[in-house]
Amino acid sequence: MDNDKLQTDFIELIEDNKKLIYKVSHMYCDNAVDVKDLFQDIISNLWIAYPNFQQKSKISTWVYRVSLNTAITWFRDYSKQSKRIAYTNWIPDMTNETDHTIDELYDRLYKAIDTLGKVDKAIIMLFLDDTPYDEIAEIVGLTKTNVATKISRIKLRLKDFLSNN
Amino acid sequence: MEIEELKTMWQQYDSKLDKLEKLNKKLILETLSKKPQKKLNWMKYRSLYALIILPTVPIIALHDYWKIENIDFKFIIGCFLTLIAIVSVCYVEFKSFMILKEVDVSNDSIIESSRKVSIFKSIYANRLKYDLMSYPILFAGVILIGWKGFSFNSNTIMYMLAIFIVTLFWCIKQYKRRKEKIDQLHKEILDLNEYEK
């Protein structure tokens, strides 16, 4: 595949999956600066891995896997901030919303999810995004039964947190 | 709030993200044309540089003493101690490099990635412990290598002792600061093992 075609296809892939990448970035970072940095690193990693993507799994499964792995293996580097690319300016600032009730709810939602460990965060995010259990199992590296058990436990933990806060 | 409400809220959040602007293609292409400068790569190669630099620095710093006429029992013991210290630190750097080298974001499962990161962080945080153990050995080794070149008087002895004590205390203080994090990382690794049970 020539490079131009590869780039066009890749940009299309990013456009189709930008919501997913944004959600992962937001889930694993607690401020807008880090969200932008992580978003950019995910795009870089997807681009590096894209030529070797063998279509063995669904494209969204693969994007999830690369995005979540990048988030988990991501180390903050504050010295790099000047090199940040501006295309991530489109990332919405949730605090500027006019509906403050919704803001508070999002805030609670993220706070609740933030109490979970790195792997549990990935599992609940995939679950909330209606990803089938077998796909969650493939991305996370567990059996389908294990995923179901984990989800029930996470649900209980979240329920507990939300009712106490 | 029930879990179903949480799901509804997540779906609302998802539909809100539908309104995101289109990404600027020109700027994405600009990013793709650049070499990614990721922290992970930097950390990986930092370990590799350390593997090269650690043995090189003492060789260069002590090059004046590498003479046949200097070789005696103290010199040999000094070389042996220095080698032990360097090998032990290099071993930690090598372990860090190998674990980071194995990180594969496009094929690893989330659990595998988490485990590798936790192990790496744990090695990294524990490095001070190895430094603490090897530092007195290195210090003694260097003194023995340069034994013939040093003029031992009260000033030089005080000076060396001060450097040794200050550095040692600094390492101990740093290690104590990291101890809580190290324990947390060990717990994280154990938790990850639980996932697969």
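1. Let's start with a helix pair: α1(A) passes α3(A) in a right-handed crossing, where right-handed means the near helix is turned clockwise from the far one by less than a right angle. Helices here are DSSP runs of H or I with at least four residues, strands are E runs of at least two, and both are numbered from the N terminus. In chain A, α1 covers residues 3-28 and α3 covers residues 59-72; they pack at about 35 degrees with axes 10 Å apart. The axes are lines fitted to C-alpha atoms over the stretch in contact, and angles run from 0 to 180 degrees between N-to-C directions.

2. A word on the model before going on. It is predicted, with local features needing pLDDT of at least 70 and side-chain atom pairs counting only at pLDDT 80 or more, while totals for chains, interfaces and linings use all residues. Residues are numbered from 1 along each chain as its sequence is written, and chains are lettered from A and ligands numbered from 1 in the order in which they are written.

3. Contact means C-beta atoms, placed from the backbone, within 7 Å. On the α1(A) side the contact uses L13(A), N17(A), L20(A), I21(A), V24(A) and Y28(A), and on the α3(A) side I59(A), S60(A), V63(A), Y64(A), S67(A), L68(A) and A71(A). By type, that contact has 10 nonpolar residues, three polar and no charged. Nonpolar covers Ala, Val, Leu, Ile, Met, Phe, Trp, Tyr, Cys and Pro; charged covers Asp, Glu, Lys and Arg; the others, Gly among them, are polar.

4. Overall, chain A has seven helices and zero strands. Of its 165 residues, 35% count as buried, meaning 20 or more other C-beta atoms (placed from the backbone) within 10 Å of a residue's own; exposed is 12 or fewer, and partly exposed is in between. Among contacts in chain A with a separation of 6 or more, 62% link residues 24 or more positions apart.

5. Chain A splits into domain 1 (1-92) and domain 2 (97-165), with bounds from an automatic or database domain assignment. Eight residues of domain 1 are in contact with nine of domain 2. On the domain 1 side, α1 and α3 of chain A are the elements giving two or more residues, and α3(A) has the largest share, five residues. That side divides into four nonpolar, two polar and two charged residues.

6. The largest nonpolar core has 52 residues, with I123(A) and V140(A) making the most contacts inside it. Both domains of chain A give residues to this core, so it lies between them. Such a core is a set of buried Ala, Val, Leu, Ile, Met, Phe, Trp, Tyr and Cys residues joined through C-beta atoms within 7 Å. A second, separate core of seven residues includes L81(B), A85(B), V89(B) and L144(B).

7. V140(A) deserves a look. Leaving out residues up to four places away in sequence, V140(A) touches V119(A), A122(A), I123(A) and V147(A), plus S109(B), I110(B) and I111(B).

8. Next, M27(A), which sits in helix α1 of chain A. M27(A) is buried, with 22 other C-beta atoms within 10 Å. Leaving out residues up to four places away in sequence, M27(A) touches I113(A), K121(A) and M125(A).

9. Finally, check D130(A), in the loop between α5 (118-128) and α6 (133-140) of chain A. Phi of D130(A) is near 60 degrees, a positive value in a residue other than glycine. D130(A) is exposed, with 10 other C-beta atoms within 10 Å.

How values were computed: Contact = placed C-beta atoms within 7 Å.
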